[in-house]
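Have the sequence and the 3D view open as you read.

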Amino acid sequence: MDVGELYAAQAARWRAADPLLPAPEPPAPDPVLVPGGAGWTTRNDVDPEGMSASWTGLRNHGLSALVAGPDPAAALGALLDRWEPRLGPPDDDESTAEVVWPSRDTTPLLALARHGFAPAVVLAAGPTGRAAPAPATDVVIRPARGADVGVVARFGLEIVRYDGRFGALGERPSTLPRLVEGYAAALARPIESVWLAERDGRPVGMCSVDPPGYADEARGLCAAPTVGYLGSMYVDPAARGGGIASVLHAVADGALAAAGAGVTLLHHAVPNPVSTPFWYRHGYRPLWTHWQRRPALRAPARR
């Protein structure tokens with residue numbers, strides 16, 4: 001197969017696997033070619049002072065691929081073998097190797113598992129405007145204001161700290177200042193997009209969204225014409241179990257629906273035992289899976 005045929009075959013497989021998937025990115029020049037596959041590699045050196053440094057290693061290696069034919073897993077495996085020598089030095093914990101693949105296109109995935117990659121983060125999708133009625137609780141949900149930015153950012157920091165236990169995220173000295181900047185920008189929008197949950201006047205949770213028009217990064221990851229993004233949700237561990245998260249979700253879902261979003265996207269860490277069942281219980285399902293290996297290249301085991 002030439003690259004054009006690989007592209008057409010993969011696009012057809014993706015359409016059959018998931019109607020929410022966009023078409024694969026158009027082929028770039030100078031691919032790495034193997035039987036049944038073509039691949040392109042990237043290296044992104046991340047600014048340690050930027051927000052992205054909290055989501056990944058500082059040297060982030062990526063592989064995008066077209067695989068088709070009778071054995072897509074073998075084709076992807078061959079591309080991974082060709083990629084491997086570029087991932088050194090070994091055991092560098094600031095390096096990440098990542099392949100982002102449609103969650104429902106399972107045909108090639110065995111190759112990733114055999115090469116030591118594991119599902120780390122999922123971009124999940126759910127229909128907007130169908131949240132169950134919010135349960136009755138003793139909390140008050142109100143829009144966050146500029147003066148609340150410190151509280152909101154501290155809750156955001158707790159999300160990073162908790163998900164850091166699973167390897168995909170990690171707190172850095174720059175994390176809290178960047179969170180303050182990001183939430184301050186969200187609070188300055190003309191549309192409400194951050195909310196606090198309060199019990200007896202004390203903040204116990206928050207959520208934030210990017211409505212259509214502010215969700216540019218998410219829009220290209222989904223075939224839906226209008227997309228919103230649920231950026232963060234947190235409930236104080238001492239206040240969990242009483243329905244606060246469901247109330248916050250209902251508020252966020254209603255706001256995104258009112259802003260015209262047809263589909264809501266969100267990221268969650270796959271191993272997170274709290275968020276993963278919560279989101280799927282509320283109607284979300286995997287769209288894209290980030291398969292990661294960190295360090296990008298491990299030193300061979302000594303015999």
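## A covered strand and its neighbours

Let's start with strand β7 (residues 194-199), where five of the six residues are buried, leaving the strand mostly covered. Buried here means under 20% relative accessible area, with over 50% called exposed and anything in between partly exposed (1.4 Å probe, protein chains only). Strands are DSSP runs of E with at least two residues, helices are runs of H or I with at least four, and both are numbered from the N terminus.

β7 runs antiparallel to strand β6 (residues 140-143), joined by four bridges; two strands pair if DSSP finds at least two bridges between them. Within this pairing, isoleucine 141 has alanine 197 of β7 as its bridge partner. Strand β8 (residues 202-210) also pairs with β7 in the antiparallel sense, over six bridges, and here glutamate 198 stands opposite proline 203 in β8. β7 and β8 make a hairpin with two residues between them, and aspartate 200 in that turn has a positive phi of about 55°.

## How the model was read

This is a predicted model, in which local features need pLDDT of at least 70 and side-chain atom pairs count only at pLDDT 80 or more, while totals for chains, interfaces and linings use all residues. Residues are numbered from 1 along each chain as its sequence is written, and side-chain values use heavy atoms, with hydrogens and water left out.

## The whole sheet

Now zoom out: eleven strands form an open sheet of mixed pairing, in the order β1-β2-β3-β4-β11-β5-β10-β9-β8-β7-β6. Its edge strands are β1 (32-34) and β6, each pairing on one side only.

Helix α1 lies across β1, β2, β3 (59-67), β4 (95-102) and β11 (285-293), and runs at about 90° to β3. For that angle, axes are lines fitted to C-alpha atoms, for helices over the stretch in contact, and angles run from 0 to 180 degrees between N-to-C directions. Contact means heavy atoms within 4.5 Å.

Arginine 13 is part of α1 (residues 3-17). Is arginine 13 buried or exposed? Arginine 13 counts as buried because its relative accessibility is 18%. Leaving out residues up to four places away in sequence, arginine 13 touches Val67, Ala68, Trp101, Asp105, Thr107 and Pro108. With aspartate 105 there is a side-chain to side-chain polar contact at 2.8 Å. A polar contact is a pair of N or O atoms within 3.5 Å; within protein, one must be able to donate a hydrogen and the other to accept it, and residues adjacent in sequence count only if both atoms are side-chain atoms.
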